[in-house]
2 protein chains.
Amino acid sequence: MPTQDDRRVTRTAPGAAGARSRRVLLALALVSAPAAHAQGRADPLPSWNDGPAKRAILSFVQRVATEGGADFVPVEERIAVFDNDGTLWAEKPLPNEVYFVLARLRELAAQDPSLAARQPFKAALEGDAAYFHETGAQAVLALLAATHAGMTQEEFAYDVRRFLSDGRHPELRRPFPSVAYQPMLELLAHLRANGFQTWISSGGTLEFIRVFAPSTYGVPPERIIGSELQRESRRADGRLSIYRLPNGEHFNDHDGKPVGIDRHVGRRPLLVAGNVLSGGDIAMMEYSRGRAGPSLQLLINHDDDAREFAYAERDGASLAAAQRFGFVVVSMKEDWKRVFPPPDEDGVPRP
Amino acid sequence: MPTQDDRRVTRTAPGAAGARSRRVLLALALVSAPAAHAQGRADPLPSWNDGPAKRAILSFVQRVATEGGADFVPVEERIAVFDNDGTLWAEKPLPNEVYFVLARLRELAAQDPSLAARQPFKAALEGDAAYFHETGAQAVLALLAATHAGMTQEEFAYDVRRFLSDGRHPELRRPFPSVAYQPMLELLAHLRANGFQTWISSGGTLEFIRVFAPSTYGVPPERIIGSELQRESRRADGRLSIYRLPNGEHFNDHDGKPVGIDRHVGRRPLLVAGNVLSGGDIAMMEYSRGRAGPSLQLLINHDDDAREFAYAERDGASLAAAQRFGFVVVSMKEDWKRVFPPPDEDGVPRP
């Protein structure tokens, strides 16, 4: 590493972000070099401990990519789909897109102080989680309408880029894109080196992820699936743009995730990775499991309170599904040698 | 030709369909060989007459793909989006998906003769176009519900494959996939050879096009944008599948086309091709034209009654937009040396 494929991925990242991505991959190469020497050949997953999860991944990838083998899968069917929050990057104490919402609300309240006195903005700015548990989806949609809608796609992307460039994760104290998990960055690169398309299917919104996924993950904008607001074509000064409306259109979680994958990819994924939190990834893992022929599902378990955050599901649904369907459980504590990349190699998109 | 790129495209087409696609591309290579020799170098568009449209295409592609040139465009931004009906294949006397609807209705009526007595099925089976003009969208949606919904994605794809394999275009008397336009197949290959992603954005339904686009056009399922019915995740016998519901969700025409491109691609296209019929492609051509930097829009004009079908718009909106925005008009009569590929090289997906 970096392989030819890494260079190919880098080329898919735009401009300055591409240059940063190249630096991330270079750093990855330096990190992996000692491991490669020790084993006598390159270890594509140097941040993974030798154990059942790493062995399951390496064996699966080799089997599906070996022409003439019993489990060979043609390259066009090598679709890998990753959840984002809690699977590719940290989602605690709050998902990073929530920090974006709060940062935007603070900016809006600075321009219009009356906002801070009105609900649900007041509750959001004061961290009053109980308010949102009581009022539910309507209140959340009002926050999205204020921070995500009423502008063109280009204007929204600019806001997100500014947030990612200026902000810092409040607990991990590093730029948001560098709360990505180093072992998962290695897995993405290893899959691409073996002919896989790497996709993201997230409960977060499509356009938020599109801004940083190319530079942070090497995943281009056209391979992001997420929750969506309604949009429409609008003309201003003789130019047609896509305008963002304040209504939800697709909620990409639970049973909505296979629907999103069907819409964007049109095939059952060969590999899916999700995580334990809400059971939101079970459906897309089942969908992959229903593929005719081999498939692999990875379930990230957040059991490492020292290096990240330890949390579980009250009903244990994801781990129960893993047992029932044969998903491979990845213990962050046991299976990962390190969790985060060096914080200065962050894949941050500058505005 | 075929270039390295053609081989890459072939690999993205599934199984038997891939083998057929290879044959199509091979045939293309044999057809192009004499032209290449005559000019002393390979002509990537042998079925195009030398004229302003061909020169505009070749010059544009060379400029955006030349590193260091003033109009150079990075490979990840080389997005080409094609309308399907009337742009990549014939759409007269009726769009081919309408022939699919009629074939399915005849099959359903054979199983349940009462269907043929009920509207709107009666009108459809009797070719009563006036009925549909009077009743409008509701009647069309009822036909879609009967033929496109109430089944899984896998079952629908099987129906489409069977239709494409068994059916023949009633006027052109050849398999449906071989009513594709030879000059446009060459253009798709030329763009891919120059690093472009080729996409389809059609008013037809997403899943209908996904069945034949890989073998006919070399465009994979994940690069199709179309009209959509609602879908949901359903579990049967422990397996989760995507089930098709009888309600429209997205109408991918007129102002809906830029929205579909935004959803699936997330960038303004560098090149868009549409055709004269209803003005349905103007919006996505405007959207491409609004790109910062170079862009090219092609408008196919159906003016060749001898080799295809001649038709125009009553209000002339597409040709007026071409003049206003600077779209390049392609005359099928003047710009195309031939219209259809050899009929036995049809890219037909077998069931």
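**A loop proline and its surroundings**

Mentor: A:Pro120 is placed in the loop that links helix 4 (96-111) and helix 5 (121-126) of chain A. The model is a predicted one. The peptide bond leading from A:Gln119 into A:Pro120 is cis, and its omega is near 0°. In chain B, the bond between B:Gln119 and B:Pro120 is also a cis peptide bond, with omega about 5°. B:Pro120 is located in the loop between helix 4 (96-111) and helix 5 (121-125) of chain B.

Helix 4 of chain A packs against helix 8 (residues 153-166) of chain A at an angle of about 100°, and their axes are 10 Å apart. Angles of 65 to 115 degrees count as roughly perpendicular, and helix 4 of chain A and helix 8 of chain A are therefore roughly perpendicular to each other. On the helix 4 side of chain A, the contact uses A:Asn96, A:Tyr99, A:Phe100, A:Ala103, A:Arg104 and A:Glu107. Facing them from helix 8 of chain A are A:Phe156, A:Asp159, A:Val160, A:Arg162 and A:Phe163. Sorted by class, this contact of helix 4 with helix 8 of chain A has 6 nonpolar, 1 polar and 4 charged residues.

In chain B, helix 8 (residues 153-166) can be followed to another partner, helix 10 (residues 206-217) of chain B: the two pack at about 55°, with axes 9 Å apart. That angle makes helix 8 of chain B oblique to helix 10 of chain B. The crossing of helix 8 over helix 10 in chain B is right-handed. Helix 8 of chain B contributes B:Gln153, B:Phe156, B:Ala157, B:Val160, B:Arg161, B:Phe163 and B:Leu164, while helix 10 of chain B contributes B:Glu207, B:Phe208, B:Val211 and B:Phe212. By class, the residues of this contact are 8 nonpolar, 1 polar and 2 charged.

Next comes the sheet of chain A. It is an open sheet of 7 strands in the order 4-3-2-1-5-6-7, with mixed pairing. Strand 4 and strand 7 (328-331) of chain A are at the edges with a single partner strand each, so one side of each has no neighbour in the sheet. From one strand to the next, the twist averages 35°. Within the order, strand 1 (residues 79-82) of chain A runs parallel to strand 5 (residues 271-275) of chain A, and 3 bridges join them. A:Ala80 stands opposite A:Leu271 in strand 5 of chain A.

Two helices lie across this sheet. Helix 13 (residues 317-325) of chain A lies across strand 5, strand 6 (296-301) and strand 7 of chain A, at about 150° to strand 6 of chain A. The loop between strand 4 (239-250) and helix 11 (256-264) of chain A holds A:His254. A:His254 is not a glycine, yet has a positive phi of about 50°.

The sheet in chain B is likewise open, with 7 strands in the order 4-3-2-1-5-6-7 and mixed pairing. Its edge strands are strand 4 (239-250) and strand 7 (328-331) of chain B, each pairing on one side only. Strand 6 (residues 296-301) of chain B pairs with strand 7 of chain B in the parallel sense over 4 bridges. B:Leu299 stands opposite B:Val329 in strand 7 of chain B. Helix 13 (residues 317-325) of chain B packs on this sheet, where it touches strand 5 (271-275), strand 6 and strand 7 of chain B.

Last, the two chains together. The contact takes 43 residues from chain A and 43 residues from chain B. Between them the chains bury about 3600 Å², with 40% of it on carbon and sulfur atoms. Of the area that chain A buries against chain B, 18% comes from A:Glu222, A:Leu240 and A:Arg263, more than from any other three residues.

Methods. Residues numbered from 1 in each chain as written. Chains lettered and ligands numbered in written order. Predicted model: local features only at pLDDT ≥ 70, side-chain atom pairs only at ≥ 80, totals over all residues. Heavy atoms only, no water. Axes fitted to C-alpha atoms, helices over the stretch in contact; angles between N-to-C directions. Parallel < 35°, antiparallel > 145°, perpendicular 65-115°, else oblique. Left-handed = near helix turned anticlockwise from the far one by under 90°. Contact = heavy atoms within 4.5 Å. Nonpolar A, V, L, I, M, F, W, Y, C, P; charged D, E, K, R; others polar. Pairing = 2+ DSSP bridges. Buried area = accessible area lost by both parts, 1.4 Å probe.
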